[in-house]
Structure formats: C-alpha cells, structure tokens
Amino acid sequence: MSNLQNNRLNAAALSQADLSTAKNAFQQLNSLLQLIGLTVQERKNLPKINTTNAAFVEECLLVAHNNPNLLPDYLKVEEMQQDFTLYRQLDELLLLCSQLQEKLRDTQMLAGSEAYLQALATYHFLAAAAKAGIPGTDTLYEQLRVRFARHGKKSHPDNTDDQ
C-alpha cells in the first residue's frame, strides 16, 4: 500500500459557488467562441485539414488575394480567409484546452487515488479490529468486505482491477 502520509493534493473540495463559477466560465467561453457541434456523420464526412492542407490553404489565399480577377465572384476569398484565421486561432486555444483537460484529469485521478487509499486503510483497520474482537466492528467489516467479494471468493483488497 502506498504511503498514506504522502498527501499530494491538499485542495479542499470546490465550494458550490466556485463550481458554479467554473461552469459559468465554460459556458461563457462556449458562447463567446460561438462553438458548433457536429454529428458523428458530419465529423466522418467532412474533408479534414492537416499540416499539408493548411499550407495549401495559405498558398491558395495568397494566389486568390493577388489574382482576384482570375476567380469568379461567387468565390468569397474573405470568407476563406476568415475561416482559416479562425482555424489557426482555435488551434492555439485547443492546445491550452488540452493542457487544462490533462490537469483536470490528473487532479481528478490524484483526488480519487488519495481517497481510495484512505478508504483501503479504513478497511484494513476495521478488518484488524474485527479480527481482534473489538465490539461493533464485525458488522462494519462485513459491510465493507462485500466490495472485494467475487463470486463467493474473497479478492485481495489492494487489487484495483475490480474498481
């Protein structure tokens, strides 16, 4: 079992007000950026841009800006430029978002791990107390022991495969 005294996460649970503020910030960001959702089929069928395609778009924009007389009026170079600029800006925001998401997941993982380690310690202490015959601990131990029962067999309480 890991060292129970190695508590890396000392942050208190979020207050309801802080949780609400964080949710509102996400909603404001969603509204500010005018984000759009796609269906699974749309995601599958849309032509995708990658590094090579981005260079192609840049080259086409350069050609289109310098040769407007060669293109039909219905081709809106300004809209292509706006879309590509937004693509680049969102690329920058996606990096920040990915970093934030990684930290959110890491913090959640650590909080869960530390809580689970403390719960395992509680279980082990109750098991020892029940084995020692301390009154009132048998029922508590049996209640918690159900978590580790597998088809009638007792599994090891440190086994995290059955989470």
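This is a predicted model: local features need pLDDT of at least 70, side-chain atom pairs count only at pLDDT 80 or more; totals for chains, interfaces and linings use all residues.

I started with Asn 10, which sits in the segment before H1. Asn 10 has 63% relative accessibility, so I put it down as exposed, the cut-off being over 50%. Then I checked how far Asn 10 is from Ala 111: they are 101 residues apart in sequence, yet 9.2 Å apart in space, C-alpha to C-alpha.

Next I looked at Glu 114, which is found in helix H4. Is Glu 114 buried or exposed? Its relative accessibility is 13%, so Glu 114 counts as buried; the limit for that is under 20%. Which residues does Glu 114 touch, leaving out those up to four places away in sequence? I found Asn 6, Asn 7, Arg 8 and Leu 9.

Then I stepped back to the whole chain. I counted five helices and two strands. Reading from the N terminus, I get the order α-α-α-α-α-β-β. The chain has 163 residues, and 12% of them count as buried. I also looked at contacts with a separation of 6 or more: 52% of them join residues 24 or more positions apart.

Back to the helices, and to what H4 packs against. I took H3 to begin with, which covers residues 51–66. The axes of H3 and H4 come within 10 Å and cross at roughly 145°. I noted the crossing of H3 and H4 as left-handed. On the H3 side, the contact is made by Ala 54, Val 57, Glu 58, Leu 61, Ala 64 and His 65. On the H4 side, I listed Val 77, Met 80, Gln 81, Phe 84 and Arg 88. Sorted by class, the residues of this contact between H3 and H4 come out as seven nonpolar, two polar and two charged.

Then I turned to H5. Helix H4 spans residues 77–131 and helix H5 spans 137–145; they pack at an angle of about 135°, with their axes 8 Å apart. That angle makes H4 oblique to H5. The crossing of H4 and H5 is left-handed. Which residues meet here? From H4 I wrote down Tyr 123, Leu 126, Ala 127, Ala 129 and Ala 130. From H5 I wrote down Thr 137, Asp 138, Leu 140, Tyr 141, Leu 144 and Arg 145. The contact of H4 with H5 has eight nonpolar residues, one polar and two charged.

Most residues other than glycine have a negative phi. Gln 34 is not a glycine, but I read a positive phi of about 50° for it. Where is Gln 34 found? It is in the loop between helix H1 (16–33) and helix H2 (40–45). Gln 34 counts as exposed, because its relative accessibility is 65%.

Last, the cysteines. A disulfide is a covalent bond between the sulfur atoms of two cysteines. How many disulfides did I get? The count is zero, using sulfur atoms within 2.5 Å as the rule. I still checked how open two cysteines are. Cys 60 has 27% relative accessibility, so it counts as partly exposed. Cys 97 has 44% relative accessibility and counts as partly exposed too.

Key. Residues are numbered from 1 along each chain as its sequence is written. Side-chain values use heavy atoms; hydrogens and water are left out. Axes are lines fitted to C-alpha atoms, for helices over the stretch in contact, and angles run from 0 to 180 degrees between N-to-C directions. Helices (H or I, at least four residues) and strands (E, at least two) are DSSP runs, numbered from the N terminus. Angles under 35 degrees count as roughly parallel, over 145 as roughly antiparallel, 65 to 115 as roughly perpendicular and the rest as oblique. A crossing is left-handed if the near helix is turned anticlockwise from the far one by less than a right angle, and right-handed if clockwise. Contact means heavy atoms within 4.5 Å. Ala, Val, Leu, Ile, Met, Phe, Trp, Tyr, Cys and Pro count as nonpolar, Asp, Glu, Lys and Arg as charged, and the others, Gly among them, as polar. Buried means under 20% relative accessible area, exposed over 50%, partly exposed in between (1.4 Å probe, protein chains only).
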